[in-house]
Each structure stands twice: as C-alpha cells, then as structure tokens.
Amino acid sequence: MVLLLAAMPAVGNFSGGLLAEWINVSEKTLNLALHFAAGIILAVVGLELMPTALEVEQPWIPIAAFMGGGFTFLLLEKAVHFIKDRFGGEGKATGSAWGIYLGVAIDLFSDGIMIGTGSTVSVSLGLLLALGQVPADIPEGFATIATFKSKGVPKKMRYLLAAGFTIPILLGATIGFWTMRNSGDLVKFSLLAFTAGILLSVAIEEILTEAHGKPDPVYASVLLTSGFSLFALLTVYLEG
C-alpha cells in the first residue's frame, strides 16, 4: 500500500518529463520552470521538513543534522564535478543538468520518507501526503527533462532518466515505513532535517544557478513565489 501511494507522485514527476518532450522548450520556458521548481523545493524545506524536525525536545540535534546535509551536498557536488571532468566536453555541457537531476532525486527521496513515515501513523495520512506531492512534482520533472533536452541528451536517455525518478521515491517510502515506524521522533526528525539541508543547498546552488545562467524574464521571481505558494496551499488544505 505504501509503495502504491509513493507511485502517485512518481507518476506525476514522469508526466512532467513527458510534457517537456511534447513541448518545444525555449530558454525562457526552461528558466521559468526552474524557478517554479526551486520555489517548491524551498517550500518543502521551509514549510514541511524543518518545522516538523524542530518539534523534538532537543532541536539542536536536527539542526546539526541540517548542517550535515549541507556538508553532504558539498561532497555530492564534488562528485558531480568529477563526472564532468571525467567525461570531458559532454560531461561539462551536461554537468548542471546532472546537478538538477540529483536535486530532484533527493527531493523525491524526501517525499518517499514523508509518505512512508506518515503511513506508519495512518493510511489516510499517507494518502494525503502522496496527493499533496503530485502537483508539486510535475513541474520538477518538466524542468529536469527540459534541461537535459536543452543540453542535447538523446531522447532515449531522457526517457530512461525520467523513469529513473521512480527509484528514489520508492526507496524513500520503503525506508520511511520499515525504519521509522519503530524509531523515536528524534531519529525520524533528524533524518528529515538532514534531507532538508541537502535540498536547500541544491535549490540555491544548482537549480537557481542554472536558471540565472539563461535569459531571466522579468517575472521569473513570480514563478519562484508561485511554486512556494502552491506547496503552501497543498500543505494547508490537504495535510491540515
């Protein structure tokens, strides 16, 4: 049941990737999609993960885990740079796209953690969390595949990459359910904070950096706040 719930946002993300294949993605469209996706990730961190993580009696531990997520991002970034240098010209051309892909994969993993953990409380809570992620994951899938498309990555590889997004969310849901159902709040919320630290770094250092490397429409900031607002509405009206 938990895996079926987690499959819902995975399908939403894959649908966003397919949408990027059907639409002729311009630099302007990609810029706006990246801003929108970054807004959603910032909302996940600021409205969902960290407020929940700080509810424990020893909040300094989740805060330390949050910082640990930032340090982990540095290691992941070095790994991405290694891949870029290893594969030469093509690696350098698609390095930013892989950074975005990694960020969205981590976001999906955190979605799975939330769904799996929520399902240990009740199936209805897991369902609400899954439904809340679906409309938020569509623009993320769109922005990621559109970025690979703009870098000239072959279509077959783009489909495989889009389908590959099912792995982190199903993995996260599995870990969230089997590990967190018998864990204390401190362990559970520290994991959420650790994930939040990575996500925040990815949104700022990878997704928005890539977006600002393209022509920046005057209303790009509106899409950034719109993505944040969309997740805020879902949080208030679904999870509440």
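Here is a short chat about reading this predicted model.

Visitor: What should I know about the model and its numbering before I start?

Guide: It's a predicted model, where local features need pLDDT of at least 70 and side-chain atom pairs count only at pLDDT 80 or more, while totals for chains, interfaces and linings use all residues. Residues are numbered from 1 along each chain as its sequence is written, and side-chain values use heavy atoms, leaving out hydrogens and water.

Visitor: How many helices and strands does the chain have?

Guide: Helices (H or I, at least four residues) and strands (E, at least two) are DSSP runs, numbered from the N terminus. Here you get nine helices and zero strands.

Visitor: How much of the chain is buried?

Guide: Buried means under 20% relative accessible area, exposed over 50%, and partly exposed in between, with a 1.4 Å probe and protein chains only. Of the 240 residues, 49% count as buried. In helix 1 (residues 2-22), the buried ones include Pro9, Gly12, Asn13 and Glu21.

Visitor: Which residues have the most contacts inside the largest nonpolar core?

Guide: Such a core is a set of buried Ala, Val, Leu, Ile, Met, Phe, Trp, Tyr and Cys residues joined through side-chain atoms within 4.5 Å. The largest one has 54 residues, and Leu34, Leu49, Leu199 and Ile207 have the most contacts inside it. Helix 2 gives the most, with 15 residues.

Visitor: And what does Ile207 touch?

Guide: Contact means heavy atoms within 4.5 Å. Leaving aside residues up to four places away in sequence, Ile207 touches Leu34, Ala38, Ile41, Ile100 and Val202.
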